[in-house]
Amino acid sequence: DRLLQRLMLAKDQHPVDISKAGVTLLNNFFGLVTVLFCAHITHEWETLPQLSNLQGLSVIWIFASCIVGVGISFTGIWCQS
């Protein structure tokens, strides 16, 4: 994954004309597709009704975790380009 990103972003490797934010979006989208596929195969969908019992603080922590994950992804792409 990282080697492919380096190949597409490095100036000496004939880079693809996509912004860093665009690469981050594509990377996270394809990761989401993979995670949803694995969740379907392992039947994790059966635990979704428990999510309706989440309190406000739990939702904030989940949202903060998502923001940090996107930040880590963007920083990794930024460092490799």
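1. The helices here (H or I, at least four residues) and strands (E, at least two) are DSSP runs, numbered from the N terminus. H43 sits in the loop between α2 and α3. H43 is a residue other than glycine, and its phi is a positive value.

2. Some ground rules. This is a predicted model, where local features need pLDDT of at least 70 and side-chain atom pairs count only at pLDDT 80 or more, while totals for chains, interfaces and linings use all residues. Residues are numbered from 1 along each chain as its sequence is written, and side-chain values use heavy atoms, leaving out hydrogens and water.

3. Now the overall layout. The protein has 3 helices and 0 strands, so reading from the N terminus the elements go α-α-α. Of its 81 residues, 15% are buried (buried means under 20% relative accessible area, exposed over 50%, partly exposed in between, with a 1.4 Å probe and protein chains only).

4. What about the surface and the contacts? The protein exposes about 6,700 Å², with carbon and sulfur atoms supplying 71% of it; such areas come from the Shrake-Rupley method with a 1.4 Å probe, and for residues only the protein chains shown count as cover. Among contacts (heavy atoms within 4.5 Å) between residues at least 6 apart in sequence, 69% join residues at least 24 apart.

5. How far does α2 reach? Its end C-alpha atoms are 32 Å apart, which agrees with the 32 Å that its 22 residues should span at 1.5 Å a residue. The expected span is 1.5 Å times one less than the number of residues. α3 has 25 residues and runs 37 Å from its first C-alpha to its last, close to the 36 Å expected at 1.5 Å a residue.

6. In α3 they are S73, G76, I77 and Q80.

7. Leaving aside residues up to four places away in sequence, N28 touches V70 and S73. The C-alpha atoms of N28 and F74 are separated by 9.7 Å, although the two residues are 46 apart along the chain.

8. Next, the rings. Rings of Phe, Tyr and Trp (its six-membered ring) pair if their centres lie within 6.5 Å; planes under 30 degrees apart count as stacked, over 60 as edge-to-face and the rest as tilted. By this rule the count comes to 1 aromatic pair. F29 and F30 have ring centres 5.4 Å apart and planes at 65°, so the pair is edge-to-face. F29 is partly exposed, at 46% relative accessibility, whereas F30 is exposed, at 51%.

9. Have a look at the greasy outside, too. L32, L36, W45, L48, L51, L54, V59 and I62 form a nonpolar patch on the surface, with about 680 Å² of accessible area together. Patches are made of residues with over 30% relative accessible area and no salt bridge; like charges are joined within 9 Å, nonpolar side chains (Val, Leu, Ile, Met, Phe, Trp, Tyr) within 5 Å. A salt bridge is a side-chain nitrogen of Lys or Arg within 4 Å of a carboxyl oxygen of Asp or Glu. α2 (20-41) and α3 (56-80) each supply at least two residues of the patch.

10. With a relative accessible area of 34%, L54 is partly exposed. Not counting residues up to four places away in sequence, L54 touches V59 and I62, and both of those belong to the nonpolar patch as well.
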